[in-house]
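Thanks for coming, everyone. I'd like to walk you through one structure today. Please have a look at the screen.

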Amino acid sequence: GSNRIKLWASPLKEWLVSWPSANKVSLLSKPSFLAQGMLMTLDTSSGGTTLLLRGILGLTVLLNPAHPEILYSSSSETGISLFLFNTATGKQNYVRVTTLPEKCTWAKTGDLFFCGVPKFIPTGSYPDVWYQGVISFEDEVWSITPASGVVERILDISQKRGLPIDATSPQVSADEKFLIFTDKESGTLWSLQMTE
């Protein structure tokens with residue numbers, strides 16, 4: 001359009017941009033095992049930025065659209081770890097499943113999230129080796145409720161199909177009856193009925 005307004009600029013390139021709420025844009029530095037990542041939010045009304053996370057190797061994130069929480073992973077020489085960070089309290093908790101935020105999605109209420117969780121994670125430089133397709137996963141679907149700490153296995157999607165499925169970009173359907181995701185290896189779209 002003709003009414004463009006410049007809200008923010010950076011000398012750094014390759015920011016990953018998402019829009020978790022109506023007036024908030026998240027800006028994530030491109031994740032790599034070799035780089036300490038950072039996450040900021042940009043207020044589209046004022047143009048102001050808030051630094052939320054920084055100095056984390058291989059940082060990948062998924063913001064909760066309903067609560068001030070960030071699901072994020074960090075990389076180490078032994079693999080990846082998943083954490084939940086509350087931006088209001090500054091409290092951080094370890095999540096008892098090992099996966100990447102790109103394999104997760106929040107329920108509409110923001111009270112729980114669903115993830116494709118690999119049965120086995122080989123040693124590697126994450127998330128790089130997964131992004132590059134050097135390593136693929138064979139996933140199960142799990143639900144995690146942070147408030148209670150309940151972690152529940154829903155289904156071994158790979159075993160049910162008889163094929164390894166490496167779930168990515170999951171979404172919950174509007175009626176919350178289905179989990180919709182893409183198999184990273186084949187690019188095919190799948191749905192899992194979670195409730196009747």
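When I say contact, I mean heavy atoms within 4.5 Å. Keep that in mind for S32. Leaving aside neighbours within four places in sequence, S32 is in contact with L57, G58, P127 and D128. Where does S32 sit? S32 is in the loop between β2 and β3. Is S32 buried or exposed? S32 is buried, with a relative accessible area of 15%. The cut-off for buried is under 20%.

One caution before I go on. This is a predicted model.

Now the overall picture. The protein chain has two helices and 15 strands. Along the principal axes, the C-alpha atoms fill a box of roughly 50 × 40 × 40 Å. Of the 196 residues, 42% are buried. The chain exposes about 10800 Å². Carbon and sulfur atoms supply 52% of that area. What about contacts across the sequence? Take contacts between residues at least 6 apart: 38% of them join residues at least 24 apart.

Next, the inside. The largest nonpolar core has 13 residues. Which of them touch the most other members? They are L71, V95, V97, W106, F113, C115 and I144. Where do the core residues come from? β7, which spans 79–86, supplies at least two, and so do β9, β10 and β11. The largest share is from β10, with three residues.

How many disulfides does the structure hold? One. The disulfide joins C104 to C115, with an S to S distance of 2.0 Å. C104 is in strand β9 and C115 is in strand β10, 11 residues apart. Both C104 and C115 are buried. What is the hand of this disulfide? The torsion about the S-S bond is about 110°, so the disulfide is right-handed.

On to charges. Side chains of opposite charge can pair when their charged atoms come close. How many salt bridges are there here? The count comes to six.

First up, E14 and K30. Their side chains meet in a salt bridge, at 4.0 Å from N to O. The cut-off is within 4 Å. E14 lies in the segment before β1, and K30 lies in the loop between β2 and β3, so the pair ties together parts 16 residues apart in sequence. E14 is exposed, at 53% relative accessible area. K30 is partly exposed, at 47%.

Next, K103 and D166. This salt bridge is 2.6 Å from N to O. K103 is in the loop between β8 and β9, while D166 is in the loop between α2 and β13, so the pair ties together parts 63 residues apart in sequence. Are these two buried or exposed? K103 is buried, with a relative accessible area of 1%. D166 is buried as well, at 2%.

Then E138 and K119. Their salt bridge is 3.2 Å from N to O. E138 is in the loop between α1 and β11, and K119 is in the loop between β10 and α1, so the pair ties together parts 19 residues apart in sequence. E138 is partly exposed, with a relative accessible area of 35%. K119 is partly exposed too, at 40%.

One more point on salt bridges. Which residues are joined into one network? Salt bridges with shared partners link K103, D139 and D166.

To recap. We have a predicted model with two helices and 15 strands. A disulfide joins C104 to C115, and the salt bridges come to six. That's my part done.

Notes: Residues are numbered from 1 along each chain as its sequence is written. This is a predicted model: local features need pLDDT of at least 70, side-chain atom pairs count only at pLDDT 80 or more; totals for chains, interfaces and linings use all residues. Side-chain values use heavy atoms; hydrogens and water are left out. Helices (H or I, at least four residues) and strands (E, at least two) are DSSP runs, numbered from the N terminus. Buried means under 20% relative accessible area, exposed over 50%, partly exposed in between (1.4 Å probe, protein chains only). A nonpolar core is a set of buried Ala, Val, Leu, Ile, Met, Phe, Trp, Tyr and Cys residues joined through side-chain atoms within 4.5 Å. Accessible areas come from the Shrake-Rupley method with a 1.4 Å probe; for residues, only the protein chains shown count as cover. A disulfide is a pair of cysteine sulfur atoms within 2.5 Å.
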